2 protein chains.
Amino acid sequence: MPETKILGVVLTPLREIPTPDGAVLHMLRADDPDFTQFGECYFSEVYPGKVKAWKMHEHQEQNLSVPVGKIRLVMYDARPASATYKQMEIIELGRPENYCKIRIPSGIWYGFKGISAQTALIVNCADKAHDPTDNKKIPAEDAEINYTW
Amino acid sequence: MPETKILGVVLTPLREIPTPDGAVLHMLRADDPDFTQFGECYFSEVYPGKVKAWKMHEHQEQNLSVPVGKIRLVMYDARPASATYKQMEIIELGRPENYCKIRIPSGIWYGFKGISAQTALIVNCADKAHDPTDNKKIPAEDAEINYTW
């Protein structure tokens, strides 16, 4: 399980309970020690080799897991007041090695690439419902972030 | 979109927003008119042709969607005080025809069968966190329910 280096990013291993008919996969409980509040649950598919980047929210906090397929998640700390300002972090998420929940605080640029042969499914239990006014985007190849997808 | 006949079962069509890199799929928002409370989000895989049945909760209410694969959901009203007591309902869930959220009240026996070539993924945003004391099970072939999987 990789460690996180960007301040406020939290990676939590999740349980996968195998059964002969299909696994049960944990994600988030309201009585988890790190639970804050529930705003919205939605899903984002990422096709093999495709990139969804970059996104940022000023207020919304993401709680992601990847129950199907695998992705490479790249994050870039754009918070001038952060001790890890301008640091980049790359984490691969997916079963069975890295089935975990990742919390991404607001103020972080993040993006994904599908790295499995099958379409990946990202589940996001965000702390606030989607607000189109809190949804910044720059192109995947933007010069602000020194990363080649 | 099939209608529901068991009292308290609510089927809500969900939006699927296609993009060239993979769709965005709605599930549940805290400001949805029918939202009650968030207890737990977890996933259940169902392998092709496999059955997970029967389950019932006395207190927990289920909010299910199927973003990957297809399932047949069978429900049986076991509430003696219900106007639809002993009625059965069968609904197929999956994209793109039947991508929707289904609310299953407490007191209903329910089960699934995987009916797609790929493993199906059920997402459940239940109103209460899993409680092992609120988790009744009978075998898929139990005589109480006249259904052959």
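Lys101(A) is buried, at 2% relative accessibility. In this predicted model, Lys101(A) forms a salt bridge with Asp34(A), and the closest N and O atoms are 3.7 Å apart. Asp34(A) sits in the loop between strand 3 and strand 4 of chain A, while Lys101(A) belongs to strand 9 (residues 100-104) of chain A. Asp34(A) is partly exposed, with 25% relative accessibility.

In chain B, the side chains of Asp32(B) and Lys101(B) meet in a salt bridge at 3.4 Å, N to O. Asp32(B) is in the loop between strand 3 (24-29) and strand 4 (40-46) of chain B, and Lys101(B) is in strand 9 (residues 100-104) of chain B, 69 residues apart. Lys101(B) is buried, with a relative accessible area of 4%.

## Other salt bridges

Over all chains, a search of the whole structure finds 24 salt bridges. One of them joins the side chains of Arg29(B) and Asp31(B), at 2.8 Å from N to O. Arg29(B) counts as partly exposed because its relative accessible area is 23%, which falls between the 20% limit for buried and the 50% limit for exposed.

## Aromatic pairs

The structure holds 11 aromatic pairs over all chains. Among them, Trp54(A) and Trp149(A) form a tilted pair, 5.2 Å centre to centre with 50° between the planes.

In chain B, Trp54(B) pairs with Tyr147(B). The arrangement is edge-to-face, with 6.3 Å between the centres and 75° between the planes. This pair also links distant parts of the chain: Trp54(B) is in strand 5 (residues 51-56) of chain B and Tyr147(B) is in the segment after strand 12 (136-137) of chain B, 93 residues apart. Trp54(B) counts as buried at 0% relative accessibility, and Tyr147(B) is buried with a relative accessible area of 17%.

Ring pairs also link residues of both chains: Phe35(A), Phe38(A), Phe35(B) and Phe38(B) form a cluster.

## Surroundings of Lys137(B)

Lys137(B) is placed in strand 12 of chain B. The residue is exposed, with a relative accessible area of 60%. Leaving aside residues up to four places away in sequence, Lys137(B) touches Trp54(B) and Trp109(B). Lys137(B) and Lys55(B) are 82 residues apart in sequence, yet their C-alpha atoms are 4.7 Å apart in space.

## Interface of chain A and chain B

Chain A and chain B bury about 2800 Å² between them, and 58% of this area is on carbon and sulfur atoms. In chain A, the residues that lose the most area to chain B are Asp21(A), Phe38(A) and Phe43(A), which together account for 24% of what that side buries. Phe38(A) is also a member of the ring cluster with Phe35(A), Phe35(B) and Phe38(B). The contact takes 37 residues from chain A and 37 residues from chain B.

Across the interface there are 18 residue pairs in polar contact, both residues at pLDDT 80 or more. Strand 3 (24-29), strand 4 (40-46), strand 5, strand 6 (62-68) and strand 11 (120-126) of chain A each supply at least two residues of the side that touches chain B. Strand 4 of chain A gives the most, with 7 residues. By class, this side of chain A has 22 nonpolar, 7 polar and 8 charged residues.

## Charged pairs across the interface

There are 4 salt bridges between chain A and chain B. In one salt bridge between the chains, the side chains of Glu45(A) and Arg95(B) meet at 2.8 Å, N to O.

Note on methods:
Residues numbered from 1 in each chain as written. Chains lettered and ligands numbered in written order. Predicted model: local features only at pLDDT ≥ 70, side-chain atom pairs only at ≥ 80, totals over all residues. Heavy atoms only, no water. Phe/Tyr/Trp six-rings, centres within 6.5 Å; stacked < 30°, edge-to-face > 60°. Helix = DSSP H or I, 4+ residues; strand = E, 2+ residues; numbered from the N terminus. Buried < 20%, exposed > 50% of the residue type's maximum accessible area, 1.4 Å probe, protein only. Contact = heavy atoms within 4.5 Å. Buried area = accessible area lost by both parts, 1.4 Å probe. Polar contact = N/O pair within 3.5 Å; in protein donor to acceptor, adjacent residues only side chain to side chain. Nonpolar A, V, L, I, M, F, W, Y, C, P; charged D, E, K, R; others polar.
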